[in-house]
Amino acid sequence: MKRIFSGIQPTGDIHLGNYVGAIRNWVYLTGEYDCIFCVVDYHAITVEYPIEEMRRRTLDAALILLACGLSPENANIFVQSHVREHTELAWIFDTVTPIGEVERMTQFKDKAKQHRSNINMGLMSYPVLQAADILLYKAGFVPVGEDQVQHIELSREIARKFNGRFKPIFPEPQEILSMAPKILGVDGQSKMSKTLNNYIGILEEEGEIWEKLRNAVTDVNRVRRNDPGDPAVCNIYTIHRAFSDNNMLLEIDKGCKTAGIGCIDCKKMLFGNLKNELTPIREKALALGKDMGYIEDVLAKGAAACGAIAKTTMDEVRETLGLYIP
Ligand code: TRP
């Protein structure tokens with residue numbers, strides 16, 4: 001079976017953007033692939049974070065993956081820092097990665113801007129660690145959101161550079177993009193993110209979700225109820241495309257353009273569908289949260305299985321490098 005690898009940062013607030021762009025797609029793919037999903041805590045430390053919350057955030061991220069439908073039966077789920085080979089391979093990849101390539105990464109440039117006082121080597125090497133995550137398992141496919149495509153391209157380049165300089169032992173991984181369109185934050189302007197506080201958290205209460213939706217920016221040119229709107233520039237319509245069926249999409253497209261459906265009604269329709277999808281997830285998360293021992297077991301099992309693969313790859317890598325192996 002073809003293998004996929006993907007990772008999610010333990011940021012503390014996993015939101016609709018993460019869900020639509022990544023997690024929901026991961027669940028779809030479990031039937032067809034040998035799946036490895038990782039909570040990437042070593043990536044998360046490249047920016048400032050509340051140290052006392054990291055443990056909790058890591059377990060919560062795993063809990064959310066399980067609540068969304070991943071399980072030890074359909075995937076290996078583990079924490080990056082539990083498999084030491086990730087950072088070991090990242091170091092080796094550092095030596096084949098041109099600095100110019102990492103410097104031009106959009107995410108690096110954005111984060112360097114956001115964290116001017118702490119532009120560290122880890123921030124720069126972040127996509128190299130990501131390449132190590134993927135290639136440690138020789139995964140050929142990586143389901144990610146659009147914002148990660150550049151990093152996957154770099155992973156291919158790193159594989160190519162390594163293979164060319166030493167021996168061809170790594171595949172060149174391909175991204176798998178979710179069919180759902182990329183949704184923006186409730187400001188209708190920027191990518192949904194915790195930092196920008198424009199997100200809808202996937203475990204948020206229905207009341208909170210409605211409040212955020214109610215205030216969310218729509219087509220800015222549709223000022224009055226009777227103004228016709230343009231779904232193509234409305235973020236609410238984009239979210240509809242991720243959660244509503246074709247019939248509803250057609251109805252809304254027409255209703256918006258003819259001013260037959262107002263923004264609030266359109267939001268109510270979306271809210272209904274969001275509720276249908278997110279309420280079972282929130283309920284499952286609540287139930288899982290009562291037994292953190294189970295989550296810990298899942299992660300231990302995942303780390304054991306992935307650790308075995310990682311060890312084999314690293315043995316091969318050390319040999320390929322021509323190192324002295326006692
Ligand atoms: N950089 C990814 C993100 O921010 C997370 C990530 C880390 C990842 N390692 C990975 C994704 C490996 C796919 C494969 O979303």
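1. Let me start with a helix pair: the axes of helix 10 (residues 235–243) and helix 11 (residues 246–257) come within 9 Å of each other and cross at roughly 165°. Axes here are lines fitted to C-alpha atoms, for helices over the stretch in contact, with angles running from 0 to 180 degrees between N-to-C directions. Helix 10 is therefore roughly antiparallel to helix 11 (angles over 145 degrees count as such). Helices are DSSP runs of H or I with at least four residues, strands are E runs of at least two, and both are numbered from the N terminus.

2. A word on the model, which is predicted: local features need pLDDT of at least 70, side-chain atom pairs count only at pLDDT 80 or more, and totals for chains, interfaces and linings use all residues. Residues are numbered from 1 along each chain as its sequence is written, and side-chain values use heavy atoms, leaving out hydrogens and water.

3. Now the ligand. Around it are 13 residues, of which Gly7, Tyr126, Gln130, Asp133 and Gln148 come nearest (a residue is near if one of its heavy atoms lies within 4 Å). By class, the shell holds six nonpolar residues, six polar and one charged.

4. The protein covers 89% of the 360 Å² of accessible area that the ligand has on its own (Shrake-Rupley method, 1.4 Å probe).

5. Which element gives the most to the shell around the ligand? Helix 7 does, with four residues.

Notes
Ala, Val, Leu, Ile, Met, Phe, Trp, Tyr, Cys and Pro count as nonpolar, Asp, Glu, Lys and Arg as charged, and the others, Gly among them, as polar. Angles under 35 degrees count as roughly parallel, over 145 as roughly antiparallel, 65 to 115 as roughly perpendicular and the rest as oblique.
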